[in-house]
Number of protein chains: 2
Amino acid sequence: MTQLESARNNIITDEMRRVSKIEGMDTCTLRDRIASGEIVIPKNTLHKIENICGIGRGLKTKVNANLGASNNAPDMSKEMEKLKIAVEAGADTVMDLSVGKKINDMLNDTLKYSPVPVGTVPLYEVATNILANGDIGDMAWNDIEDVIIRQAEMGVDFFTIHAGVTKEIVEFLKKRERILDVVSRGGSFMVDWISKNGDENPLYTNFDRILEIAKRYDVTLSLGDGMRPGAIKDAGDEAQIQELIVLGRLSKRARDFGVQVMIEGPGHVPINQIKYNVEMEKSICQGAPFYVLGPLVTDIAPGYDHIVGAIGGAIAASYGADFLCYVTPSEHLRIPDGADIKEGVIASRIAAHAADIAKGIKGAQEKDVSLSSARKVRDWKRQFALAIDPEKPTAYRKASSPKSDDVCSMCNEFCPIKRVEESFKR
Amino acid sequence: MTQLESARNNIITDEMRRVSKIEGMDTCTLRDRIASGEIVIPKNTLHKIENICGIGRGLKTKVNANLGASNNAPDMSKEMEKLKIAVEAGADTVMDLSVGKKINDMLNDTLKYSPVPVGTVPLYEVATNILANGDIGDMAWNDIEDVIIRQAEMGVDFFTIHAGVTKEIVEFLKKRERILDVVSRGGSFMVDWISKNGDENPLYTNFDRILEIAKRYDVTLSLGDGMRPGAIKDAGDEAQIQELIVLGRLSKRARDFGVQVMIEGPGHVPINQIKYNVEMEKSICQGAPFYVLGPLVTDIAPGYDHIVGAIGGAIAASYGADFLCYVTPSEHLRIPDGADIKEGVIASRIAAHAADIAKGIKGAQEKDVSLSSARKVRDWKRQFALAIDPEKPTAYRKASSPKSDDVCSMCNEFCPIKRVEESFKR
C-alpha cells in the first residue's frame, strides 16, 4: 500500500511515525493530511532513506537541490562530492537531472549514496536514448514506459512527469506571444514531440499506466510545469494557467488511484503575482503540496539568481508553498559547481526558514531566539554553531581584527549591545 | 528655500527637473509629492551632486550603502576605493558611518568624491569626541549642536537623528523584556545618556533647533529608529511602535517647518509583520518616505544577511517602502570589505528592482524584457551587458565549457529554448 492508501485505511505507517517525530506534528493530523493529499512522503518502497521527509501543509518548508551532469563523461566522484555538499548544506531532497550516456551510473550511485529522497525526470533518460540515434519525434510510449518502470524498480522516490503539456497548449505557444517560449527541458521535449507528431502528449494519454507503476512502488508524482514562464513578462499567461488546470485534473486522478502527488510551479513570476499563484494551485489541485522552482522575481540578475530565488521562495512559502527547488548563482549560466550548490541550498533554506517563521511552523522561531541570545552575550562560538552555515561566519570573524573578543569590528568599542548592557548594569 | 518650501510655493527647481527626467515622472506630480512630504530630494544646498536622487512615492526604490571606518587609523585610499565600489555597483546614496579619530577627514573626502548624496549620523562624531576623554553621560547639547552645524556646513545631504528615543522608551527597555535591547549605535548613545542623566533626549528637546540648521542648508532629516528590533522575537514591541509614534509627531513638525524628512524603519522583522510595518509608517508619518534597514526576516543566517535583507527589502518595498539600506554578508560579523560592499549593493538592488516591477514603477519591467529577449537568442554579451552586474555572469560563463556558443553548460544540446525554436521553425 502507498502512504496515501495506508492513511486512508487509518493505518499509521513507520514512515508517518518518523515524520511525525521530526516535525512535531501528531500522527493523527499527519495521517489525515496524507489521506487528504495535503501532505506527501516521497519514498519508494524499495529505497532506504536515512532522512525521511514529509512535504506539505503545516510541515517545515523543504528544499530540493538539483544535481546531475549534462555531459557524456562526468567524473563520478566529483558528482558524488556534489551530492555530499548539497546534503551537508541541508537539502531535504535531491533530484538527479543528469542527461548523457552515464545517466544510469549516476542514478545508481545517487540512490546508493543519498541519505535523502531522490527524484528524477524519467523523460531525460528517454530523450538521451532517443537523441543518440534519432529525433524526439521518434519517441514512442514504450520507450517512456520502459524507463519509468526501470527507474521505479531502481528505487527513485519521486518522478517529475510533464503530463500537462497538451496539444491545446502547443497551439497557444505557436502564436509566439511569449518572450521565452519554453524553458523546461521536459516541457521542450513534449512540445517538440507534439509539434512533430500532431498527437496528444503520451504522458497525458497514458497517465493511468503511469499511475499503476507509481502505485506499485509508492513513487510520488511531481506533476511538472513544462509551461513555467521563463521571463517575468510571460508570467500568468494562458499556457501557464491552462497547464495548471490540466495538472489539477491529473492530481485528482492520481489521488483517487492511491498515488501520492505534488504540483510543480513557476518559474519567473513578479512579486505581485506570487500570492495568487499559490492560492490558485491550492484550490485547483485540492490542496496538493506545491513545489516551486524559485520563483524568480526578476530576469536581470544572472550570477545572483540564488538571491532572486530566495526572495520569491520566501514569499511563495509564506503564502503556503511547501517545497522550494533551490536556485544557484549559476542558474541561466552553467552547470553548478560545489560552491554554487552550497550557496544555492543555503539561500533556499533561508527562504524556507523565514517563511516558516511567518507561517508559524512549530519550533521555527526557537532557532532565532537561541542565536539572538548568543548574540546578546557576544558568544561567537555558540552563534556560529547555531547558524544556518557555521563555516562562513567563522571565516569572516577570523579574517577581521576586532579590538576585543567581546565585540565585532563593525562597531568595536561603540558596540550598542555592550553599551546598553553596561549602562543598565550600573 | 528648501525643496519642500519651493514645492509648496509651486516652484519647480532645477533639482526637481533633474529627478523628473531620470524617473520619467512629470514635474507637477513630483512637485506635489514633495510639497506633501511624500517625496524628498536629499541635497545640501552647498553640495554638488552628480547623480541626484529622489526618494518616495512612485519613484524607483533607492538603495543606500553604509560606508566608513570604525578604527582610529583607516587607510583613506582604501576607504575611497570602497566608496567607488559602492557607487559602481549602483548605490543611490551612501552614508559615512565612521567613528574614530579620522572621522572628519573621512567625511571630507566622502563629500568630495561621492557622486551621490551623502548622509551621516552626527551623533557618531559627537560620541567619538566625548568618549576620547569621558563618558556619553557627559555629552551636552552644545556638543551635539556644534557637530550638526559643522557637518551641515560641510555639505552633508541627510542626517540620521535619533530623536525618537525618549525617557518613556528607556523605562520600557529597563524591564529587560527584549532579547537584544538596543542594536542601533545612535540609539545606544541616547539610551546610555538618558539612563545616566535621567533627562529627556536632547535631540528631542532641541528638535526645533535641529530644524533651523537643517532648513538653512536643506539637509533632509532621516528620523532614526534607535529602537529597531535586533531579533525577530523583539519585532513589533512597545519600544519600536512607541518610537514610531514619536517620529510621526516629529516628521509633522519638520514638514510644517519646511524641512524634508524621511523615517527609518526596522530591523529584524518576520515576513508576516512587514506589511503592517510599512502601512503603519505611511499612516502615522503622513506618507513620509520609509527608509528600511533590511528588514532581516531571520536571525539565523550570519554570513548571508545580504540574502536575508534582500528578502525583507523586496517585500517591504513591494508594500511601499521607498529606500533600502543595504545589508552586506558581513553584517553582525565585521566591517565590510570591498567584495562585501559590492555583494550588499547588488542584493539590495535586486530587491528594489523586483519590488519596482511589483509596484508597477514606470520602465521597471522593460529591463527584464530586454534581458530575456537577449536570453531567447542566446546573445550572451547583450545579456551580460544588460545584467544588474555584468562582471559575475561573464566570469561564470568563461569558467564553463558549453558544447557550443549557442547554449550553456546547464543543458548543452538539451537546451529547451533552442529545441522549441528549431521545432517551431520547421
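Reply: A:Asn412 is buried, and its relative accessible area is 3%. Buried here means under 20% relative accessible area, exposed means over 50%, and partly exposed lies in between, with a 1.4 Å probe and protein chains only. This is a predicted model, in which local features need pLDDT of at least 70, side-chain atom pairs count only at pLDDT 80 or more, and totals for chains, interfaces and linings use all residues. Residues are numbered from 1 along each chain as its sequence is written, chains are lettered from A and ligands numbered from 1 in the order in which they are written, and side-chain values use heavy atoms, with hydrogens and water left out.

The backbone of A:Asn412 also deserves attention: its phi is near 50°, a positive value in a residue other than glycine. A:Asn412 belongs to the loop between helix H18 (391-398) and H19 of chain A. Helices (H or I, at least four residues) and strands (E, at least two) are DSSP runs, numbered from the N terminus.

Helix H19 of chain A covers residues 416-425 and contains A:Glu421. A:Glu421 is buried, with a relative accessible area of 18%. When residues up to four places away in sequence are not counted, A:Glu421 touches A:Lys376 and A:Arg378; a contact means heavy atoms within 4.5 Å.

An α-helix has 3.6 residues a turn, so residues three or four places apart point the same way. Just after H16(A) comes A:Arg378, which takes a positive phi of about 50°.

Seven residues from domain 1 of chain A and six residues from domain 2 of chain A take part in the contact.

Chain A as a whole has 19 helices and 10 strands. Its C-alpha atoms fill a box of roughly 80 × 50 × 45 Å along the principal axes. The radius of gyration of chain A is 22 Å, which agrees with the value near 22 Å for a compact globule of 426 residues; this radius is taken over C-alpha atoms, and the globule rule is 2.2 Å times the number of residues to the power 0.38. Of the 426 residues of chain A, 68% count as buried. Among contacts in chain A between residues at least 6 apart in sequence, 72% join residues at least 24 apart.

A further backbone feature of chain A is the cis peptide bond from A:Gly294 to A:Pro295, with omega near -15°. A:Pro295 is placed in the loop between strand S9 (290-293) and helix H14 (305-318) of chain A.

In chain B, B:Arg176 likewise has a positive phi, near 55°. B:Arg176 is located in the loop between helix H8 (167-174) and helix H9 (185-197) of chain B. Its relative accessible area is 36%, and B:Arg176 is therefore partly exposed, whereas A:Asn412 is buried at 3%.
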